[in-house]
Amino acid sequence: MSRNPHWLLLQETQSMLSRLEQVQPFSVHEVMVPAALPTQEAFKAIESHVEGTKRTLRASVNSFLRFLRSSAGLAMSHAMIQKKYVWLRLQFNNMLSTYDIFSDVLTQRSEASTGVWLAGLDRLAASALDLDGQYFKPPPVVCYLDRGIGAAIRRARTRLPGGKQNPVAIIRVPRERMIGSGIISSLFHEVGHQASALLNLVPSISPVLKAMQSKGGPESPAWQLWDRWLSEIISDLWSVAKGGLVSTAGLMNVVSLPRVFVFRITPDDPHPMPWLRVILSAHIGNSLYPHHGWRQLEQLWMKSYPPDGFASPLLSRLLQTMPAFVSIVLHHRPYSLRGNSLGNVLSATGHDPGRLTEIFHRCMGHFATCNMKPATAFAAIGQARLYNQIMASHESAVLALMLRKWAIG
């Protein structure tokens, strides 16, 4: 073995270059049926990002190899060269981490049935992100399945490992949510995070809530919590606007936990306490789309988790300030909405229970050929199941057919 430290780093760097060349475009090694492909825009963005990162890293590796062989490199101390090598190796590992993120999205699509479902979910998520009025340019959205009970999003235009911007929104969907229309509560919530960032909603609304805190008095701690929870609440608002009653019903299922957790307020948790979160979702829904269904869901939740023994002065303050908080959010007019209120823009989605019932009856029996947006179809079919107008088994079969239809295009 050579005792020359330059020689050792030269060999390690050459090995790195060989490994880099093994990173192939997804289009030449991922096998999937055409219907399972992400949208052309999403796939092109992913391939372009990976190839661009690979090209930049290859240039850095070759530059370092030339330096090692140069007189300047041979004259430099091993400690300084090691520092350069470690930085290059970190860039290499960041590139592989980014590649693995996209690989998680695409590899599952080689499973024919799962892949087609995921492609259908891509279209469903894109439909939920769409907003009439062209207030923003929506990024491509891709979905994948993972274990666990919670969905998550890696938003577009946020930093990937290494610092480059993510070209697509990546939504992780828990496998246990792949049951009927209940998925839209989680999926649309994550879409809401992307929409909120595109519209800059949290930085716009938060100062109003901080002003309420600054007034002091017994309600100040409640306003502090509303501000802390704002990001998650706006995402729940988006989910309700796009999913209607099904969103709140799905949320009830997600946060159905042992009572001690349902009533727990965790100071550092960005999510509202589960019990209050459902009540708030129903209140938001009724404010957007007035209908007796929201009260029915709230009553069902109260019967499932009566607050006996868990009532507290803080919870009482939160319930007292909830109407004012919801009013502030819905009547807020951020610059991004060009003077329109958030509530008016979202309610224009038209997913009020009455309209969804009308759509269901109009398209009943031929949803696959009925012309409507994917988000509208899921909301209408899910609401029909809530009102026992369609059996859960039939609902799953119809929605599977719809996902397949959207995937095929």
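Leaving aside its neighbours within four places in sequence, which residues is Leu 17 in contact with?

Guide: Apart from neighbours within four places in sequence, Leu 17 is in contact (heavy atoms within 4.5 Å) with Arg 58, Val 61, Asn 62 and Leu 65. This is a predicted model, in which local features need pLDDT of at least 70 and side-chain atom pairs count only at pLDDT 80 or more, while totals for chains, interfaces and linings use all residues. Residues are numbered from 1 along each chain as its sequence is written, and side-chain values use heavy atoms, with hydrogens and water left out.

Leu 17 sits in helix α1, residues 5-21; helices here are DSSP runs (H or I, at least four residues), numbered from the N terminus. Leu 17 counts as buried because its relative accessibility is 18%, the limit for buried being under 20% relative accessible area with a 1.4 Å probe and protein chains only.

From C-alpha to C-alpha, Leu 17 is 60 Å from Leu 300, and 283 residues separate the two in sequence. The region around residue 300 can be followed next. Helix α13 covers residues 292-304. Its 13 residues should span 18 Å at 1.5 Å a residue, and the end C-alpha atoms are 19 Å apart, which agrees; the expected span is 1.5 Å times one less than the number of residues. The buried residues of α13 are Gly 293, Trp 294, Leu 297, Glu 298 and Trp 301. Seen down the axis of α13, these buried residues fall within an arc of 140°, so they line one face of the helix; the arc is taken from the directions from the helix axis to the C-beta atoms. An α-helix has 3.6 residues a turn, so residues three or four places apart point the same way. The buried residues of α13 pack against α9, α10, α11 (259-262), α12 and α16 (353-363).

Thr 248 is buried because its relative accessible area is 0%. Beyond neighbours within four places in sequence, the contacts of Thr 248 are Val 240, Val 278, Ser 281, Ala 282, Trp 294 and Leu 297.

The largest pocket holds about 500 Å³. On a 1 Å grid over the protein atoms alone, a pocket is an open set of points with protein on both sides within 12 Å along at least five of seven lines, a cavity is a set where a 1.4 Å probe fits but cannot get out, and lining residues have an atom within 4 Å of a point. Of the 23 lining residues of the largest pocket, Gly 150, Val 254, Val 255, His 271 and Arg 277 are the closest to its centre. Two or more lining residues each come from α6 (183-199), α9 (230-243), α10 (245-254) and α12 (274-288). The largest share, five residues, is from α6.

There are two cavities of 30 Å³ or more. The second largest cavity has about 30 Å³ of space, and its lining is Ile 233, Leu 237, Ile 284, Phe 325, Val 326, Val 329 and Leu 330. At least two residues of this lining come from α9, and at least two from α14 (313-331). With four residues, α14 gives the most.

Conventions
Grid points are joined across faces, edges and corners, and a volume is the space filled by probe spheres set on the points. Buried means under 20% relative accessible area, exposed over 50%, partly exposed in between (1.4 Å probe, protein chains only).
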